[in-house]
Amino acid sequence: EPSIASQLAALKEHGVSRLVVLPLYPQYSITTTQSVFDAMGAALEHLEWQPELHVVSNYHDNPGWLHSVAASIRSFQARFGRAEKLLFSMHGIPRRLVEAGDVYEQQCRETVAAIAAILQHGDDCILAYQSRVGREEWLQPYTDEAIVELAKNGVRHLQVISPGFATDCLETLEEIA
């Protein structure tokens, strides 16, 4: 709580006629962004309400967002120093979804490349994926395994960022911590 349905009902009750829908996932995936759109559509249908909609499906390449993330990294590194490696840990999805056409992996790669370019970090940046469940193959490399491999290769100062979420959530606060 609050659910999408309850908040839409409250907005309808308050006479809202225009909605901007901005999922808190910068990169589009059927597993995340589309699930928000599906829940919103079902709730609007149940409410028999058709407000004007502006839907943002992704913003992984938005210059303002990219520069904001880069500024956050710069601020952190000004305080704690620049690490040997900067690991971008994105939420994983099953590999089969990408093979079926989900654009998530490509948008993750584009995000990391753009932020690395802004920071002028080059080869210091690594992309890995967290939060896999079940037995099927998920996007790789896996974050937990990448960290172990980096340590085996002598990396002693690693910084991790999770720009697959617009705000910290259980996966960044618990799993990545």
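Seven helices and five strands make up this protein. The model is predicted. From the N terminus, the elements run α-β-α-β-α-β-α-α-β-α-β-α.

**Overall build**
- The C-alpha trace spans about 60 × 40 × 30 Å along its principal axes.
- The protein has 177 residues, and 41% of them count as buried.
- Take the contacts with a separation of 6 or more: residues 24 or more positions apart account for 76% of them.

**Helix H2**
- H2 covers residues 33–47, which is 15 residues. From first C-alpha to last it reaches 21 Å, close to the 21 Å expected at 1.5 Å a residue.
- Its buried residues are Thr33, Val36, Phe37, Met40, Ala43, Leu44 and Leu47.
- Seen down the axis of H2, these buried residues fall within an arc of 130 degrees, so they line one face of the helix.
- An α-helix has 3.6 residues a turn, so residues three or four places apart point the same way.
- Glu45 and His46 are exposed on the other side of H2.

**Around H2**
- The cover over the buried residues of H2 includes helix H1 (4–13). Strands S1 (18–21) and S2 (52–55) are also part of that cover.

Conventions:
Residues are numbered from 1 along each chain as its sequence is written. This is a predicted model: local features need pLDDT of at least 70, side-chain atom pairs count only at pLDDT 80 or more; totals for chains, interfaces and linings use all residues. Side-chain values use heavy atoms; hydrogens and water are left out. Helices (H or I, at least four residues) and strands (E, at least two) are DSSP runs, numbered from the N terminus. Buried means under 20% relative accessible area, exposed over 50%, partly exposed in between (1.4 Å probe, protein chains only). Contact means heavy atoms within 4.5 Å. The expected span of a helix is 1.5 Å times one less than its number of residues. The arc is that of the directions from the helix axis to the C-beta atoms.
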